[in-house]
Amino acid sequence: MGLEIAGEDMVFIEANGKIDKKTNTLLVECSKIKLPKYVRYAFWNGIEGNLFDNAGLPVAPFRTDNELFNVKL
């Protein structure tokens, strides 16, 4: 699906997602992240997303963190 989730440390790990049809909300989880804080979808080049809105249109890549890159030089 192209979803990643991270805690405060911003170490992103592949995650699972599902749509809650009652609230029309994307639920993202990963058992390795106890206190999730950030989510990214289709963040890297070459990711073929498979998330669509109610009209059948593809959801654009997004991220909830505001860091330029998660890379330490």
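Modeller: A contact here means heavy atoms within 4.5 Å, and please keep in mind that this is a predicted model.

Colleague: Fine, then which residues does Glu4 touch, leaving out those up to four places away in sequence?

Modeller: Glu4 touches Phe12, Ile13, Glu14 and Ala15, and also Tyr38, Val39, Arg40, Phe43 and Trp44. With Trp44 there is a polar contact of 3.3 Å between the side chains, while Tyr38, which is 34 residues away in sequence, lies 8.3 Å from Glu4 in space, C-alpha to C-alpha.

Colleague: And is Glu4 buried or exposed?

Modeller: Glu4 counts as buried, because its relative accessibility is 15% and the cut-off for buried is under 20%.

Colleague: Which way do the side chains of β1 point?

Modeller: Glu4, which belongs to strand β1, points the one way together with Ala6, whereas Leu3 and Ile5 point the other way, and all four of these residues are buried. In a regular strand the side chains alternate between the two faces of the sheet.

Colleague: What does β1 pair with?

Modeller: Strand β1 pairs antiparallel with β5, residues 38-41, over four bridges, and it also runs antiparallel to β2, residues 13-14, to which two bridges join it. Ile5 takes part on both sides, standing opposite Val39 in β5 and having Ile13 as its bridge partner in β2.

How values were computed:
Residues numbered from 1 in each chain as written. Predicted model: local features only at pLDDT ≥ 70, side-chain atom pairs only at ≥ 80, totals over all residues. Heavy atoms only, no water. Buried < 20%, exposed > 50% of the residue type's maximum accessible area, 1.4 Å probe, protein only. Polar contact = N/O pair within 3.5 Å; in protein donor to acceptor, adjacent residues only side chain to side chain. Pairing = 2+ DSSP bridges.
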